[in-house]
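Colleague: Hi! I'm new to this one, could you walk me through a few spots?

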Amino acid sequence: MAPPRNVVKIAVQMRDAIPQLIQLDQAKPLAAVLKEVCDAWSLTHSQRYALQFADGRRRYITENDLEAERLLGGLQSASREGRREALRHLVLLASDMTFAQEVISRDGLQRLGTIIEDGDDLGEVLALGLRSFLELMEHGVVSWETLSIPFVRKVVGYVNMNLMDASVQPLALRLLESVTLSSPALGQLVKSEVPLDRLLVHLQVMNQQLQTKVMALLTALLQGASHAERKHMLDYLWQRNFRQFIYKNIIHSAAPLGDEMAHHLYVLQALTLGLLEPRMRTPVDPYSQEQRDQLQALRQAAFEPEGESLGTGLSADRRRSLCAREFRKLGFSNSNPAQDLERVPPGLLALDNMLYFSRQAPSAYSRFVLENSSREDKHECPFARSSIQLTLLLCELLHIGEPCSETAQDFSPMFFGQDQSFHELFCVAIQLLNKTWKEMRATQEDFDKVMQVVREQLTRTLALKPTSLELFRTKVNALTYGEVLRLRQTERLHQEGTLAPPILELREKLKPELLSLIRQQRLLRLCEGTLFHKISSRRRQDKLWFCCLSPNYKVLQYGDVEEGTGTPTPESLPEQLPVADIRALLTGKDCPHVREKGSGKQNKDLCDLAFSISYDRGEEMAYLNFIAPSKRDFYLWTDGLSALLGSPMGSEQTRLDLEQLLTMETKLQLLELENVPIPDQPPPVPPPPTNFNFCYDCTIAEP
């Protein structure tokens with residue numbers, strides 16, 4: 001008879017005792033189970049014992065236990081080895097909530113605090129003490145605000161100390177991070193006593209764990225600072241090449257970036273961009289002389305050559321009229337440009353962006369404004385209006401002014417690649433907007449549509465996480481309006497179910513058969529053969545040679561042919577290369593006949609069509625070099641040779657052919673499911689019309 005479901009067999013062991021195999025009735029009170037186990041070992045006071053899992057994290061099953069009292073007694077041992085052994089066990093057990101509560105209730109934190117403050121052993125004992133203290137505090141039973149100032153100062157001393165054990169300082173930094181995030185008062189103490197230079201010294205140590213904890217404390221200090229303090233701290237860090245170090249030695253480190261470090265980089269990016277929030281939320285002040293001068297500087301940079309002034313020989317009214325006209329050409333909606341900048345957000349941040357663009361890229365700025373000033377009114381792209389809307393868009397995409405997430409890791413590496421990253425991004429984006437405007441042949445009525453496309457271009461490119469601004473510029477400019485439309489069409493097909501999971505599954509099942517069909521077509525194309533031009537070291541020659549694959553796919557046959565003689569037969573070709581002797585297929589710059597040439601445009605064109613076969617000739621390696629007559633022939637031959645050598649066919653042509661075949665075959669099978677008859681033969685082509693005079697008569701009558 002099978003035992004009841006609530007009865008399980010478990011093994012119970014105790015130090016210096018014979019293990020027991022008991023039947024545990026899970027419906028029985030735990031105290032009764034403990035008493036039975038203790039009775040078997042002749043132990044009294046069963047309430048002082050607890051069951052503990054032997055595997056995993058060694059969690060306790062009961063609330064009261066003898067182990068907590070024993071370990072805490074070991075912390076006060078006169079022997080250093082005794083304290084070390086107790087701490088080792090405490091670290092293993094401290095993650096268990098029940099055990100932690102028992103230790104804390106017996107003044108365990110105070111005893112650990114004494115070990116940390118005494119600092120008799122700056123090595124393993126101190127590291128174990130800090131780790132145990134952190135594990136117990138992580139349960140949230142005791143608030144970080146209850147820590148004493150002398151204790152925090154002692155931990156600060158470990159961070160500032162030289163020649164400290166490598167395992168101690170990451171733990172000390174972690175403790176100070178928790179203190180800073182939890183207690184504003186103690187956070188100010190940490191900020192005042194841990195110099196930024198000291199943290200930078202730790203950051204330069206090639207220890208990933210130490211670097212992560214330094215970044216954690218830095219971001220905690222920045223989060224706890226006021227806006228003015230944060231700006232001062234970041235300015236100082238930037239002056240000390242903090243950004244460059246992160247970009248070169250952390251983001252581009254050989255070691256993979258951990259999740260915790262990625263989060264701290266996200267926080268640092270968010271706090272840095274957050275410095276722009278006051279400007280974003282401040283409207284222009286019409287009574288500010290400084291802001292009026294900035295607007296005039298913007299106009300003058302576009303319309304007044306250097307050294308000239310609008311006021312020469314003009315009346316005040318005429319001067320004002322011309323200024324208002326030029327501000328209109330600049331793309332402001334109002335004759336008084338300050339009115340356009342009253343909207344917050346983006347407020348003064350839009351003016352900052354326009355000024356930065358005009359000063360850092362004056363040629364591009366002048367070209368943008370003058371090019372659109374000379375267009376017909378309905379087709380001109382308004383610079384000022386575009387800049388204001390684009391600044392607002394960038395603030396939304398980069399979440400400026402939003403609180404930091406506690407878990408996000410979504411940082412952009414390019415923001416650590418240069419100073420003034422936001423303004424630099426704007427310079428790229430405003431030129432993209434002008435380019436997209438022209439691609440869409442937009443008018444003023446299409447402004448919102450253009451902004452939607454630009455939003456999509458920026459969003460898609462930022463999601464790729466380009467590692468530099470230049471890479472971002474390249475990728476976003478490659479994402480043309482036509483490409484955006486293509487992507488939208490693909491996504492629409494997904495939404496309509498054309499690429500629903502069942503269809504995708506069908507495509508995956510069809511793919512091997514269709515790839516085999518493409519492979520067969522490529523090999524047959526090689527069997528047909530191709531005429532190739534011979535290449536000298538100086539120029540393309542008129543001499544031709546022919547190469548083809550034997551019908552049994554065993555031999556490549558080739559030889560010279562005369563111009564105009566037609567396609568030779570395989571039997572007439574004098575040279576043969578067994579496929580078994582071929583070692584590799586080389587393309588582009590890897591080909592020996594391309595490496596020997598220069599970098600001119602003609603050679604660049606030839607490089608795109610070049611491929612070579614390396615093969616064994618006796619004891620040396622030899623090459624058979626090709627220059628394909630067209631890009632299509634290049635794809636067909638390289639795919640065919642790859643298939644011949646058992647390698648994947650990875651060309652763009654194969655991808656396109658496979659997609660076309662998959663689409664056609666999927667549609668045919670779906671039609672078959674709907675019982676639509678599909679004829680074996682294509683329908684007949686209708687006869688051509690007999691009368692071609694159906695458009696219009698171009699004849700001109702004689703006068």
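This is a predicted model: local features need pLDDT of at least 70, side-chain atom pairs count only at pLDDT 80 or more; totals for chains, interfaces and linings use all residues.

Colleague: Let's take helix H17 (316-329). How far apart are its end C-alpha atoms?

Modeller: They are 20 Å apart. That agrees with expectation, because 14 residues at 1.5 Å a residue should span 20 Å.

Colleague: Which residues of H17 are buried?

Modeller: Leu322, Cys323, Glu326 and Phe327 are buried. Looking down the axis of H17, the buried residues fall within an arc of 140°, so they line one face of the helix.

Colleague: Why would residues a few places apart point the same way?

Modeller: An α-helix has 3.6 residues a turn, so residues three or four places apart point the same way.

Colleague: What do the buried residues of H17 pack against?

Modeller: They pack against helix H16 (289-303). On the face of H17 turned away from that buried side, you'll find the exposed residues Asp317 and Arg320.

Colleague: And what comes just after H17?

Modeller: Gly331 does, and it takes a positive phi of about 105°. Further along, the loop between H17 and helix H18 (348-360) holds Pro345, and Pro346 lies in that loop too.

Colleague: What kind of peptide bond joins Val344 and Pro345?

Modeller: A cis one, with omega about -15°. Pro345 and Pro346 are also joined by a cis peptide bond, with omega about 15°. For context, most peptide bonds are trans.

Colleague: New topic: where is Met14?

Modeller: Met14 sits in the loop between strand S1 (7-12) and strand S2 (20-25). Its relative accessibility is 31%, so Met14 counts as partly exposed.

Colleague: Which residues does Met14 touch, leaving out those up to four places away in sequence?

Modeller: Trp41 and Leu43. As for Leu51, it is 37 residues from Met14 in sequence, and the two are 9.9 Å apart in space, C-alpha to C-alpha.

Colleague: What is phi for Asp16?

Modeller: Phi of Asp16 is near 65°, a positive value in a residue other than glycine. Most residues other than glycine have a negative phi. Asp16 is in the loop between S1 and S2, and it counts as exposed because its relative accessibility is 80%.

Colleague: How about Asp107, where is that?

Modeller: Asp107 is in the loop between helix H4 (97-105) and helix H5 (108-118). Its phi is near 65°, again positive in a residue other than glycine. With a relative accessible area of 44%, Asp107 is partly exposed.

Definitions and conventions: Residues are numbered from 1 along each chain as its sequence is written. Side-chain values use heavy atoms; hydrogens and water are left out. Helices (H or I, at least four residues) and strands (E, at least two) are DSSP runs, numbered from the N terminus. Buried means under 20% relative accessible area, exposed over 50%, partly exposed in between (1.4 Å probe, protein chains only). Contact means heavy atoms within 4.5 Å. The expected span of a helix is 1.5 Å times one less than its number of residues. The arc is that of the directions from the helix axis to the C-beta atoms.
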